[in-house]
Amino acid sequence: MSNPVSLNWHLNHHSQADHDLRHLIVDISRACKYISYAIQTTEAGLSGSKNSFGEEQLTLDVLADDLVREYLSESGTVCCYVSEEQPDIVELDKKGDYTVVFDPLDGSSLVDANFSIGSIFGIYKGGDIIGRTPREQVAALYVLYGPRTVLTYTLGNGKGVHSFILNDVGEYTLLRDHLGVGDDAKVYSPGNLRAITTNSGYKSAMHSWLDEEKTLRYSGCMVADIHHIFAKGQGIFSNVGGGTESKYPNGKLRHVFECGPFAFLMEEAGGIASSGSENILDVPITSVDQRTPLIIGSKNEVERVNNLLHA
Ligand code: AHG
Ligand code: MN
Ligand code: MN
């Protein structure tokens, strides 16, 4: 029996990643292996914030953030990082060449329901990312902690989007390579639907999906919901805002560590990500906690929804 293709082998031989970038992605994947294990084995989140001895517990968000920080710091390649769990850019290793942006645990409010959750990462060369755009990422990846743990990465530049599964001995092995997303969507995943009370364009989009009898798939974890699009090869996911008085006028999702990495992955797979008026990859980063509306997935459907949002 021939050996399965490992993540490290694939980064090296298929994607021809630079030495440091390959090590960085492998180190991130190691952190995620321990996040996956922590989800399986800690009580955190499942039974509220206290453990069975009545002690306060770290939430899984904080645990995941600490694990990623540990591995980034050990890697020696990261000058700074931006995490959803930290208010500012964190400096790490002055000699490091890369900035990593991440959401250590996406969908963490679903932990007690035992739904799928994930981690999201974007990697930039160099320091200071303010004023730059997500198109400048040199890699993006996510890990989905579902019934099975799956890691999907791209280095962009036509090198493709590839998925790996975490096996019983803690190795990521190739599951599917060159994932593609077709132009038309049969499945829709509408986030922040509360916005339709003040956003008539979004209401029209929702009605059109119902009228066309498309298939609804929405879990409340964007990693799982967008992974569904990659797995099925088509679909649309949205999270757009309501009026200026609404709770989330720009939608709920953060530009730097949620929208940006998925936009990089989606475009590489043949789909597209839009803010409604611009390609997400071209929206400049103004602050680490900036929110952007996101319409992502099959090209024709994203364009159709954009038109409805502007009608
Ligand atoms: P996080 O757990 O990192 O705060 O992010 C959750 C996000 C995203 O994954 C999901 O699509 C969205 O919040 C869900 O929002 P609603 O609960 O409003 O559907
Ligand atoms: Mn999130
Ligand atoms: Mn999170």
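Let's start with spacing along the chain. The donors of the manganese ion (ligand 2) run D-x2-D-x151-E. Keep in mind that this is a predicted model.

Which residues are those? Asp-103 (OD), Asp-106 (OD) and Glu-258 (OE) coordinate the manganese ion (ligand 2). Their distances are 1.8 to 2.2 Å. Are Asp-103 and Asp-106 buried or exposed? Both are buried.

Now the other ion. The manganese ion (ligand 3) has Glu-84 (OE), Asp-103 (OD) and Leu-105 (O) as its donors. Here the range is 2.1 to 2.3 Å. The spacing for ligand 3 reads E-x18-D-x1-L.

Asp-103 bridges the manganese ion (ligand 3) and the manganese ion (ligand 2). The two ions lie 3.8 Å apart.

What about exposure? Glu-84 has a relative accessible area of 23%, so it counts as partly exposed. The cut-off for buried is under 20%. Leu-105 comes out at 2%, and is therefore buried.

On to the helices. Glu-258 takes us there. Glu-258 of H6 is part of the contact with H5. From H5 come Met-222, Val-223, Ile-226, Ile-229 and Phe-230. H6 also brings Phe-262, Leu-265 and Met-266. By class, that contact has 8 nonpolar residues, no polar ones and 1 charged.

How do the two helices lie? The axes of H5 (residues 222-232) and H6 (residues 255-268) come within 12 Å and cross at roughly 10 degrees. H5 is therefore roughly parallel to H6.

One more pair: H4 (residues 200-211) and H7 (residues 299-310). Their axes come within 7 Å. The crossing angle is roughly 135 degrees. So H4 and H7 are oblique to each other. H4 passes H7 in a right-handed crossing.

Who makes the contact? On the H4 side, Gly-201, Tyr-202, Ser-204, Ala-205, Ser-208 and Trp-209. On the H7 side, Glu-301, Arg-304, Val-305, Leu-308 and Leu-309. The residues of this contact divide into 6 nonpolar, 3 polar and 2 charged.

To recap: Asp-103 bridges the two manganese ions. H5 and H6 cross at roughly 10 degrees, and H4 and H7 at roughly 135 degrees. Thanks.

Definitions and conventions:
Residues numbered from 1 in each chain as written. Chains lettered and ligands numbered in written order. Predicted model: local features only at pLDDT ≥ 70, side-chain atom pairs only at ≥ 80, totals over all residues. Heavy atoms only, no water. Axes fitted to C-alpha atoms, helices over the stretch in contact; angles between N-to-C directions. Helix = DSSP H or I, 4+ residues; strand = E, 2+ residues; numbered from the N terminus. Parallel < 35°, antiparallel > 145°, perpendicular 65-115°, else oblique. Left-handed = near helix turned anticlockwise from the far one by under 90°. Contact = heavy atoms within 4.5 Å. Nonpolar A, V, L, I, M, F, W, Y, C, P; charged D, E, K, R; others polar. Donors = N, O, S within 2.8 Å, 3.2 Å for Na, K, Ca; no water. Buried < 20%, exposed > 50% of the residue type's maximum accessible area, 1.4 Å probe, protein only.
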